[in-house]
Amino acid sequence: MDGVTDLPRAGAAEEGARPAAVVTGTLYGVGMGPGNPDYLTVRAVRVLERAHHLVHFCKAGRRGNARTIADAVVQDPAREWALAYPYTTELPPDDATYVSALARFYDEAAARMADELGAGRDVAILSEGDPFFYGSFMHLWRRLKDRFPVEVVPGVTGMSGCWTRAGTPITWGDDVLTVLPATLPAAVLARRLAETDAAVIMKLGRHLPKVRAALAEAGLLGRAVYVERGTMAGERIALLADKPDDQAPYFSMVLVPGEGRRP
Ligand SMILES: C[S@@+](CC[C@H](N)C(=O)[O-])C[C@H]1O[C@@H](n2cnc3c(N)ncnc32)[C@H](O)[C@@H]1O
């Protein structure tokens with residue numbers, strides 16, 4: 001396989017002027033978009049078709065969502081490389097056991113990737129939405145970026161897919177948009193919501209009751225829109241006030257559209 005070499009690599013501008021160097025592979029962070037494979041970029045497809053390894057994060061025993069999106073383009077188990085998180089929601093993210101297990105997980109994955117990259121093979125890490133927006137890819141990028149060429153392929157974010165499908169423009173005129181992880185404490189959510197014109201609240205899961213209360217406290221519950229699995233199979237969209245329960249899967253978010261200047 002030739003690998004993906006048709007865009008200049010980061011840091012490769014002066015290659016011609018230097019003595020012959022060891023050829024390493026490139027680390028790609030590939031934005032897979034919000035779920036529907038129609039929202040993959042041309043560049044993402046090109047990298048998926050040609051990289052030596054296709055890496056995706058997943059829960060142990062499950063297929064990652066980013067890998068499912070890629071099924072529309074490539075089905076090649078020989079190139080597939082699953083990275084199963086040691087924990088997902090079993091422990092709070094500030095628990096010392098969780099932090100050290102995750103650090104070890106990323107260190108070990110980075111070491112295995114370094115072996116492949118050092119041998120000249122391209123490694124593409126599949127990232128839901130955009131790789132640089134709350135992406136696990138960033139933890140590997142941080143460990144490898146100073147040793148190997150890197151290309152990040154931007155993707156359509158989940159929130160962009162969600163407000164598109166909900167038919168709700170998110171910001172008008174001078175509206176300020178605040179993106180909030182639902183994992184924040186209730187008081188912080190309420191304060192940030194009270195200060196903003198528009199909001200996106202991500203990582204809902206079991207935090208939906210807290211989010212609902214914070215929106216009510218900020219006087220925003222009436223405009224809040226709940227989107228589950230935006231652009232994907234099983235998509236559900238409703239006014240949050242009309243949603244009768246507080247069940248929310250991992251792929252869900254709340255949108256609070258701005259109401260700024262509309263001449
Ligand atoms: C770790 S963040 C990853 C964000 C991703 N890198 C992006 O650019 O959208 C995961 C959160 O994104 C949100 N999300 C991403 N895609 C979504 C979709 N298609 N529908 C609903 N929520 C989505 C959910 O709130 C989920 O908990």
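Which residue in β10 is the bridge partner of V225? The bridge partner is L255. This is a predicted model, in which local features need pLDDT of at least 70, side-chain atom pairs count only at pLDDT 80 or more, and totals for chains, interfaces and linings use all residues. Residues are numbered from 1 along each chain as its sequence is written. Strand β10 (252-256) also supplies at least two residues of the shell around the ligand.

**The sheet**

- Five strands form an open sheet with mixed pairing, in the order β6-β7-β10-β8-β9. Strands here are DSSP runs of E with at least two residues, helices are runs of H or I with at least four, and both are numbered from the N terminus. Two strands pair if DSSP finds at least two bridges between them.
- β6 (177-181) and β9 (236-239) are at the edges with a single partner strand each, so one side of each has no neighbour in the sheet.
- From one strand to the next the twist averages 15°, with axes fitted as lines to C-alpha atoms and angles running from 0 to 180 degrees between N-to-C directions.

**Strand β10 and its partners**

- β8 (residues 225-228) pairs with β10 in the antiparallel sense over 4 bridges. Within this part of the sheet, E228 stands opposite S252 in β10.
- β7 (residues 198-202) is also antiparallel to β10, over 3 bridges, and I201 stands opposite V254.
- Of the 5 residues of β10, 5 are buried, so the strand is largely enclosed by the rest of the structure. A residue is buried if 20 or more other C-beta atoms, placed from the backbone, lie within 10 Å of its own.
- In a regular strand, side chains alternate between the two faces of the sheet. Both faces of β10 are covered, with S252, V254 and V256 buried on one side and M253 and L255 buried on the other.

**The ligand shell**

- The ligand is surrounded by 26 residues, and the closest are G129, T157, G158, M202 and G230.
- α5 (158-166) supplies at least two shell residues, as does β10; α5 gives the most, with 4 residues.
- The shell divides into 12 nonpolar, 10 polar and 4 charged residues. Ala, Val, Leu, Ile, Met, Phe, Trp, Tyr, Cys and Pro count as nonpolar, Asp, Glu, Lys and Arg as charged, and the others, Gly among them, as polar.

Conventions. Near = placed C-beta within 6 Å. Buried ≥ 20, exposed ≤ 12 C-beta atoms within 10 Å, placed from the backbone.
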